[in-house]
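Reader: I am new to this structure. Please show it to me, and let me ask about the words used for it.

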Amino acid sequence: MGPVTEMRLAVLLLGCFVCSGDMELTQPLTPSVVPINNGSSALAGLEVQVKYIQKDNRARHSLLAAQAVRLRALEKQLKAQAVRLRALEKQLKEQQVAFSASLLAKKSGSQGPYKAAITLIFKHVFTNIGKAYNSNTGVFTAPVKGAYHFEIHAFGLGGSHATGAILVLNSQQIFTAYEYSHSHGTAGSSNGVSLALQKGDVVFVRLLQHNRIFDNSHCLSTFSGHLLFTM
């Protein structure tokens with residue numbers, strides 16, 4: 001083998017070595033490896049986000065549940081307050097008690113004398129706040145326990161009959177408004193008292209036996225009362 005031939009063989013071997021080396025260097029850098037690595041990273045990131053969202057949703061759910069419990073408690077409190085408010089409104093209405101009435105509704109005239117004492121029915125009602133006075137029976141019924149004030153004004157024509165009216169609590173005589181004039185001139189009397197009453201106590205006015213009381217459009221004979229305060 002001559003020198004030229006040997007040189008050609010060396011160049012050929014070197015070229016084969018270079019080509020072989022290039023192939024070994026380029027084979028690991030295949031394009032299919034990069035997308036696989038990128039996809040795994042993106043999936044891992046999504047998993048982290050999903051876990052975070054799930055944790056946040058659980059926290060929000062717990063918060064909403066706690067708020068629902070507080071809302072039910074507030075609704076219960078509001079219902080209880082509404083019950084107390086209605087009770088207070090009822091109590092306030094019961095504490096508003098006042099009445100005043102004269103003996104005759106329209107015309108003028110006298111009642112009595114009678115052989116026995118009778119309950120006077122004051123029919124012309126000016127005021128009846130709380131509706132504790134009954135204009136059909138002449139009886140006032142205490143709606144609440146408390147201190148009450150009552151007044152009687154009794155007017156008479158004088159002459160042979162006196163004018164006497166008794167304030168009665170249940171069956172107990174409290175006071176008398178009394179006037180007697182021997183002449184034929186008119187006569188009037190008044191009296192008043194403050195009483196501690198229990199709920200359901202009744203107060204009314206009786207005309208004394210053999211007595212006479214007069215009233216007309218000027219409302220000369222009246223029965224009045226009102227609640228001072230509850231007890």
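Reader: What share of the 231 residues is buried?

Author: Buried residues make up 26% of the 231 in the protein. Buried means under 20% relative accessible area, exposed means over 50%, and partly exposed lies in between (1.4 Å probe, protein chains only). This is a predicted model: local features need pLDDT of at least 70, side-chain atom pairs count only at pLDDT 80 or more, and totals for chains, interfaces and linings use all residues. Residues are numbered from 1 along each chain as its sequence is written, and side-chain values use heavy atoms, with hydrogens and water left out.

Reader: What is the mean pLDDT of the protein?

Author: The mean is 83, and 82% of the residues reach 70 or more. pLDDT is the predictor's confidence in each residue, from 0 to 100. Over residues 3-34 the pLDDT is below 50. Beyond near neighbours in sequence, that stretch has 1 contact in the model. Contact means heavy atoms within 4.5 Å.

Reader: Why is the pair of Tyr 133 and Phe 223 called edge-to-face?

Author: Rings of Phe, Tyr and Trp (its six-membered ring) pair if their centres lie within 6.5 Å; planes under 30 degrees apart count as stacked, over 60 as edge-to-face and the rest as tilted. The ring centres of Tyr 133 and Phe 223 are 6.2 Å apart and the planes stand at 80 degrees, so this pair is edge-to-face. The pair links distant parts of the chain, 90 residues apart: Tyr 133 is in strand E5 (residues 133-134) and Phe 223 in strand E13. Strands (E, at least two residues) and helices (H or I, at least four) are DSSP runs, numbered from the N terminus.

Reader: What makes Tyr 148 and Phe 150 a stacked pair?

Author: Their planes are 20 degrees apart, and the centres are 6.3 Å from each other. That angle falls under the 30 degrees for stacking.

Reader: Why is Tyr 148 called buried?

Author: Its relative accessible area is 0%, so Tyr 148 counts as buried. Phe 150 is buried too, with a value of 0%.

Reader: Which residues do ring pairs link into a cluster?

Author: The cluster holds Phe 99, Phe 122, Tyr 133, Phe 140, Tyr 148, Phe 150 and Phe 223. The structure has 11 aromatic pairs.

Reader: Why is Leu 228 called partly exposed?

Author: The relative accessible area of Leu 228 is 42%, so this residue is partly exposed. Its value lies between the limits of 20% and 50%. Leu 228 sits in strand E13 (residues 222-230).
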